[in-house]
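Please examine how the terms applied to a structure follow from computed values.

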Amino acid sequence: MIRLLFTCLLLGTPLLSLAAPGIPAVTLTTGQDGGQSYSVTLQILALMTILTLLPAALMMMTSFTRIIIVLSILRQAMGVQSTPSNQILIGLSLFLTFFIMHPVFDNAYQNGVKPYMDGEIQIQDAIEKAGGPFKDFMLAQTRESDIELFASIAGHGDIITAKEVPFTILLPSFVTSELKTAFQIGFLIFIPFLIIDLVVASVLMAMGMMMLSPMLISLPFKLMLFVLIDGWALLMGTLASSFYI
């Protein structure tokens, strides 16, 4: 996470010099092979523009989607509508995402961002090498049936190996698989709390307490059950170990 923030800071620093007079906005250099390359300042400007898509990429290309859905289902199953709050759930999901994605971020930095900042590779190669770890991560979580579905919709030919899957097909397939996995985990989490609600409702009906809300009585029992089994540590560990890196 520190390396990611440090990289963004280094990429944003040259923008401060754009306002200084005498610095050309565009510098075109012709190589010996006849190829042309733009100035580093323009490349960094393009990168900073791409960074506006960072929130969407964080949600759709990492483990964030699965984590936030499971935590939301857990809150619904426990019957506490606003505790923990949305800000706490999002913050917890973000930090757990950084924990899970740290090897991917580190590989992307070492293979793509760092060589580009050192001037060893061009931006096209940097984007390809930095995106490689993310593609490998998404392929490990994506079901083959989802890839085949979107490949058939796009009219793509037969995919022999996983490396041949383009990003345009992999991204929607990964999101679909994450949604499916998140709801499967949420279903398993919901069942114990649903059983407690059914037992409490049956007892109240047997006692003739029709006007008393079963949710009000079952809430302390669900909280006690979740605390006794060390639910937060169990849930966080299960979510972290459910990803293949």
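The questions that follow concern a predicted model.

Q: What makes up the protein chain, in helices and strands?
A: The protein chain holds 10 helices and two strands. Along the sequence, their pattern reads α-β-β-α-α-α-α-α-α-α-α-α.

Q: Why is Ile 191 called partly exposed?
A: The relative accessibility of Ile 191 is 32%. Buried requires under 20% and exposed requires over 50%. The value of 32% lies in between, and therefore Ile 191 counts as partly exposed.

Q: Which helix gives the most to the nonpolar patch?
A: Helix H8 (residues 167-206) does, with eight residues. Ile 191 is placed in helix H8.

Q: How do you know that the span of helix H4 agrees with expectation?
A: Helix H4 (residues 64-78) has 15 residues, and at 1.5 Å a residue it should span 21 Å. The expected span is 1.5 Å times one less than the number of residues. The end C-alpha atoms of H4 are 21 Å apart, so the two values agree.

Q: Why is H4 called mostly covered?
A: Buried means under 20% relative accessible area. In H4, 13 of its 15 residues are buried, and H4 is therefore mostly covered.

Key:
Residues are numbered from 1 along each chain as its sequence is written. This is a predicted model: local features need pLDDT of at least 70, side-chain atom pairs count only at pLDDT 80 or more; totals for chains, interfaces and linings use all residues. Side-chain values use heavy atoms; hydrogens and water are left out. Helices (H or I, at least four residues) and strands (E, at least two) are DSSP runs, numbered from the N terminus. Buried means under 20% relative accessible area, exposed over 50%, partly exposed in between (1.4 Å probe, protein chains only).
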